[in-house]
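Hi there,

Here is the structure I promised to pass on. Have a look at it first, and my notes follow below.

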Number of protein chains: 2
Amino acid sequence: MPIIECIPNVSEGRRPEIVEAIAEAIRAIPGVRLLDHSSDASHNRSVFTLAGDAAAVKAAVVAMYEQAVASFDLRQHSGEHPRLGAIDVVPFVPIEGVTMGDCVALAKDVAQEVAARYGVPVYLYEEASKNPLRKNLEDIRRGEFEGLATKMASEGWAPDFGPSAPHPSAGASVIGARMPLIAYNINLATDRLDVAKKIAAAIRHSGGGFRFVKAAGFELKDRGVVQVSMNLTNYEKTPIFRVFEAVKREAERYGVQVLESEIVGLVPAAALNAVAEYYLQVAGFSAEQILENKLK
Amino acid sequence: MPIIECIPNVSEGRRPEIVEAIAEAIRAIPGVRLLDHSSDASHNRSVFTLAGDAAAVKAAVVAMYEQAVASFDLRQHSGEHPRLGAIDVVPFVPIEGVTMGDCVALAKDVAQEVAARYGVPVYLYEEASKNPLRKNLEDIRRGEFEGLATKMASEGWAPDFGPSAPHPSAGASVIGARMPLIAYNINLATDRLDVAKKIAAAIRHSGGGFRFVKAAGFELKDRGVVQVSMNLTNYEKTPIFRVFEAVKREAERYGVQVLESEIVGLVPAAALNAVAEYYLQVAGFSAEQILENKLK
C-alpha cells in the first residue's frame with residue numbers, strides 16, 4: 001500500500017479544544033494514521049503528522065479545512081511564528097510506493113479542492129511549484145497575513161488556485177511536495193566554535209557547499225564541545241554519508257576529530273540503507289533483500 | 001505483532017504434487033505467510049520459508065508433519081543432501097518483537113507436540129540445545145537416516161523428545177532456534193586466489209577468527225577476481241562492519257584492495273542499521289526513529 005506523509009501546520013496553538021477537534025476530524029477518516037500532533041502556545045501554532053494513501057490523506061486535509069475555516073480568524077491571531085493563513089502550510093512527502101510526481105499531483109488536487117470548496121487562495125511551493133521565485137516557503141510567506149492583500153495584488157503574486165484576494169478570516173495556504181527532512185548533527189571533539197562555524201559555512205548550500213544541506217555551528221556548552229547542526233533536505237541527492245565524510249575531512253584540516261553524530265527525530269530507512277551500501281561498497285543491493293520488507 | 005521466521009527443510013524434492021500439498025497446508029493456516037518454497041530434485045529436498053507469530057507458525061509446522069508423515073517414506077528416499085527424517089530440520093528465527101528465548105521455547109513446544117502426536121523422535125539443536133555435542137546440525141545428522149537406529153541406541157544419543165528409536169518411515173527431526181544467517185561476500189581487486197584463502201582462514205571461527213563467521217576463498221574466473229565468501233551466523237555479536245573492516249585490513253597487508261561486497265539473499269534491517277550507526281559514529285540511535293517503523 002502506498003504511503004504519503006503529510007505535515008499540516010495550522011495557526012492555532014492556544015485553544016486545546018480546537019486542536020483536539022481537528023485531531024478527531026483526522027482520526028475519523030478511514031485509512032489515515034495520525035502519527036503525532038503538537039502545539040506551541042508562543043508560536044500559537046500546531047503541527048500534525050499524518051500518513052496514508054493519496055485519497056485518504058486528501059480527505060483528512062479537507063476535513064482540517066472544514067474545521068479551521070469555521071473556527072480560526074487570522075485577524076485575531078498573534079504568535080511568534082510567521083504565517084499566512086489558518087491552514088498555513090501543507091507539505092506532502094513520498095514515503096513508500098509513491099513518487100515525488102504523485103505527491104506533486106496530490107498537492108495540486110488538494111489545492112484545487114480547498115480553493116473551490118472554501119474560497120481560500122493557494123500558493124504551490126517546493127517541488128509542486130514551477131516558478132523559481134515561489135518555491136521557497138519563506139519567500140511566499142514574507143509579509144505574513146497582515147501584508148497578504150497587498151502582496152496578492154502585486155505583480156507575480158496571483159495565487160495558483162482560488163480567488164485573487166485573501167480569504168477574510170483564513171488568509172491563504174501554501175501547499176506543496178517535498179522530500180523528507182533529516183535533522184542531522186555532527187559533534188566535534190573540540191570547544192572551538194569557529195571550527196564548527198567554518199565547517200557549516202563550507203558544506204551548506206548558501207556557502208557554496210552541498211545543494212540540499214542547511215547548516216550552522218553551535219556550542220554545546222555543558223559538554224564543552226561544538227556541533228555542526230544540519231538539515232538534509234534531499235537525502236537521495238545529498239546523502240548522509242557524503243555530508244559526514246565532508247565534515248570529517250574539513251575537521252581534519254583544523255586538527256579536529258569527529259566525536260559522534262546524531263539523527264534527531266525520524267529518518268527514512270532508505271537513507272540509512274544508503275549509508276551501509278556506501279561504506280561496505282555493496283554492489284547490486286535492492287531494498288527487496290531486506291527481510292522485513294518481505295514480511296509486509 | 002511479533003514475527004518468527006521458520007525454514008523447514010523436508011526430504012521430498014521430486015514429486016511436485018506432494019510439495020504443493022504441503023504448501024497448501026501451510027497457506028491454510030490463518031496468520032501464517034508462506035514467503036517462499038523451492039525444491040531440488042538432485043538433493044530430493046524442499047525448503048519452505050514461512051513467517052507469523054508463535055501460535056500460527058506452530059500450527060503450520062504441525063500441518064506439515066500431518067502431510068509428511070502420511071506421504072513420505074525415508075526407506076525409499078535417495079538424494080545428494082544428508083538427511084535424518086521426513087521433516088528433516090526446522091529452525092525458528094526471531095525477526096521482530098520476539099527474543100531468541102521465545103524461539104527456543106517455541107522449538108521445544110513444537111518438538112514435544114510432534115513427538116507426542118506422530119511418534120517422531122526429535123533432537124533440539126543450535127540455541128535450543130544445551131548439550132554442546134548436539135548444537136551443530138552436522139553432528140546430529142552424521143550417519144543419516146540409514147545409520148539412525150544404531151546412533152539412537154548409542155550413548156548420548158537418546159532424543160530430546162519422543163521415542164528412543166526412529167519412526168519407521170519418517171526417521172527423526174532436528175528442531176531448534178538460531179539467528180538469521182547473512183550470506184555476505186567480499187570481492188578483492190586481484191586474481192590471487194591464495195590471498196582470498198588466507199583472508200578467509202584468518203577471519204573464520206575455525207581458523208581463530210570471529211566467533212560467528214564461516215568463510216572460504218574462491219576464484220570468480222569470468223571476472224578475473226577472487227572472493228571471500230562468508231556466512232555470518234549472528235550479526236548482533238559479529239556485525240557486518242567488523243568483518244568488512246577486518247577483511248579490508250587483511251587485504252591491505254597483501255597490497256590488495258576491496259573491489260566491492262555483496263549481500264546474497266535476505267538481510268535483517270537491524271544488521272544494515274548497525275552498519276550506518278558504526279560508520280557515522282551515531283550516538284543514541286533507536287529503531288523507533290526509522291520512519292517506516294512508525295507507520296506499521
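Let me begin with a helix pair in chain A. H2(A) crosses H3(A) in a right-handed sense (right-handed if the near helix is turned clockwise from the far one by less than a right angle, left-handed if anticlockwise). Helices here are DSSP runs of H or I with at least four residues, and strands are runs of E with at least two, numbered from the N terminus.

Before I go on, some background: this is a predicted model, where local features need pLDDT of at least 70 and side-chain atom pairs count only at pLDDT 80 or more, while totals for chains, interfaces and linings use all residues. Residues are numbered from 1 along each chain as its sequence is written, chains are lettered from A and ligands numbered from 1 in the order in which they are written, and side-chain values use heavy atoms, with hydrogens and water left out.

Back to the pair: helix H2 (residues 54-71) of chain A packs against helix H3 (residues 100-118) of chain A at an angle of about 30°, and their axes are 10 Å apart. The axes are lines fitted to C-alpha atoms over the stretch in contact, with angles from 0 to 180 degrees between N-to-C directions. H2(A) and H3(A) are therefore roughly parallel (under 35 degrees; over 145 is roughly antiparallel, 65 to 115 roughly perpendicular and the rest oblique).

Who meets whom? In H2(A), the residues in contact (heavy atoms within 4.5 Å) include A:Val61, A:Tyr65 and A:Val69, and their partners in H3(A) include A:Leu106, A:Val110 and A:Tyr118. The residues of this contact divide into nine nonpolar, no polar and five charged (nonpolar: Ala, Val, Leu, Ile, Met, Phe, Trp, Tyr, Cys and Pro; charged: Asp, Glu, Lys and Arg; polar: the others, Gly among them).

In chain B, H2(B) also passes H3(B) in a right-handed crossing.

Two side chains of chain A are worth a look too. A:His167 lies in the loop between helix H5 (148-153) and strand S7 (173-177). A:His167 is buried at 14% relative accessible area (buried is under 20%, exposed over 50%, partly exposed in between, with a 1.4 Å probe and protein chains only). Its side chain reaches the backbone nitrogen of A:Ala170 at 2.9 Å.

Best wishes

How values were computed
Polar contact = N/O pair within 3.5 Å; in protein donor to acceptor, adjacent residues only side chain to side chain.
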